[in-house]
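Work through the exercises below with the sequence and the coordinates at hand. Each task is followed by a solution in steps.

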Amino acid sequence: MMITDLITRTRTFRRFNSQKPVPHDLVTQFIDLARLGGSARNIQPCKYMICSTKDHCSAVFPLLGWAGYLPHWSGPAKEERPSAYILCLLDTDLCDNADFDLGIASQNILLGAMAHGIGGCRIASFSSALTQLLHLPDNLTLKLVIALGYPAENVTLVDPSEKGDIKYWHGDGNSHFVPKRRLSEILLPLPLKS
């Protein structure tokens, strides 16, 4: 698969086939892709935990926020829930902030997942109860949850409305629409004088 196709197909999925589990060894491979990505000053402060049993996934699910632009949607129905999560942690013994590292790592995870037909959703909206549930040592801080599963929705990229609205929405059935700004809107001329 060409990289352009892979990037285009790597969308944020929020509805999954909960009856089709994501193999644990594949999730481990995705974390290995995160490990291979760049790291500021090469500190490599991100750590990961895999949540893939039904009981663990059931405990994590209600502690997550799912879609800020869909306020009347409480998240995936029971049969559409993720079958695995990657919990992304920051080791504060190594540094205080790793936002760039986490962006690189999570994109590597999602690209690797999509190469296997597995969709994902980055979730930074979670209850503090999730941190309590994990019993983390003082040096580890939960920064991001990546939900994984085989997609049960079709995500389509569209142009923003004439007013420039970039809010995503659900359509009929299992369709989800995501406005993306045009290249001409984001590629600016370099204002250097000769």
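**Exercise 1.** Classify Gln44 by relative accessibility: buried, partly exposed or exposed?

Solution. Step 1: the classes are buried for under 20% relative accessible area, exposed for over 50%, and partly exposed in between, with a 1.4 Å probe and protein chains only. Step 2: Gln44 has 42% relative accessibility, so it counts as partly exposed. Step 3: Gln44 lies in the loop between helix 2 and strand 1, and its phi is positive, about 55 degrees, although it is not a glycine. Step 4: Arg41 is in the loop between helix 2 and strand 1 and has a positive phi of about 55 degrees without being a glycine. At 71% relative accessibility, Arg41 counts as exposed.

Two conventions apply throughout. This is a predicted model, in which local features need pLDDT of at least 70 and side-chain atom pairs count only at pLDDT 80 or more, while totals for chains, interfaces and linings use all residues. Residues are numbered from 1 along each chain as its sequence is written, and side-chain values use heavy atoms, with hydrogens and water left out.

**Exercise 2.** Give the strand order of the four-stranded open sheet and find the strands at its edges.

Solution. Step 1: helices (H or I, at least four residues) and strands (E, at least two) are DSSP runs numbered from the N terminus, and two strands pair if DSSP finds at least two bridges between them. Step 2: the order is 1-2-4-3, with antiparallel pairing. Step 3: strand 1 (46-51) and strand 3 (119-123) each have a single partner strand, so one side of each has no neighbour in the sheet. Step 4: from one strand to the next, the twist averages 25 degrees. Step 5: strand 2 (residues 84-91) and strand 4 (residues 140-149) run antiparallel and are joined by eight bridges; Leu90 stands opposite Thr141 in strand 4.

**Exercise 3.** Describe how helix 2 and helix 4 pack.

Solution. Step 1: axes are lines fitted to C-alpha atoms, for helices over the stretch in contact, and angles run from 0 to 180 degrees between N-to-C directions. Step 2: helix 2 and helix 4 (residues 99-114) pack at about 140 degrees, with their axes 8 Å apart. Step 3: angles under 35 degrees count as roughly parallel, over 145 as roughly antiparallel, 65 to 115 as roughly perpendicular and the rest as oblique. Helix 2 and helix 4 are therefore oblique to each other. Step 4: with contact meaning heavy atoms within 4.5 Å, helix 2 contributes Phe30, Leu33 and Ala34, and helix 4 contributes Ala105, Asn108, Ile109, Gly112 and Ala113.

**Exercise 4.** Locate Leu136 and list what it touches.

Solution. Step 1: Leu136 is in the loop between helix 5 (128-134) and strand 4. Step 2: at 15% relative accessibility, Leu136 counts as buried. Step 3: leaving out residues up to four places away in sequence, Leu136 touches Met49, Leu89, Thr131 and Leu142.

**Exercise 5.** Which strands pair with strand 7, and in which sense?

Solution. Step 1: strand 5 (residues 154-158) pairs with strand 7 in the parallel sense over five bridges, and Val158 has Pro179 as its bridge partner in strand 7. Step 2: strand 6 (residues 169-170) and strand 7 run antiparallel, joined by two bridges; His170 stands opposite His176. Step 3: four of the five residues of strand 7 (residues 175-179) are buried, so strand 7 is largely enclosed by the rest of the structure.
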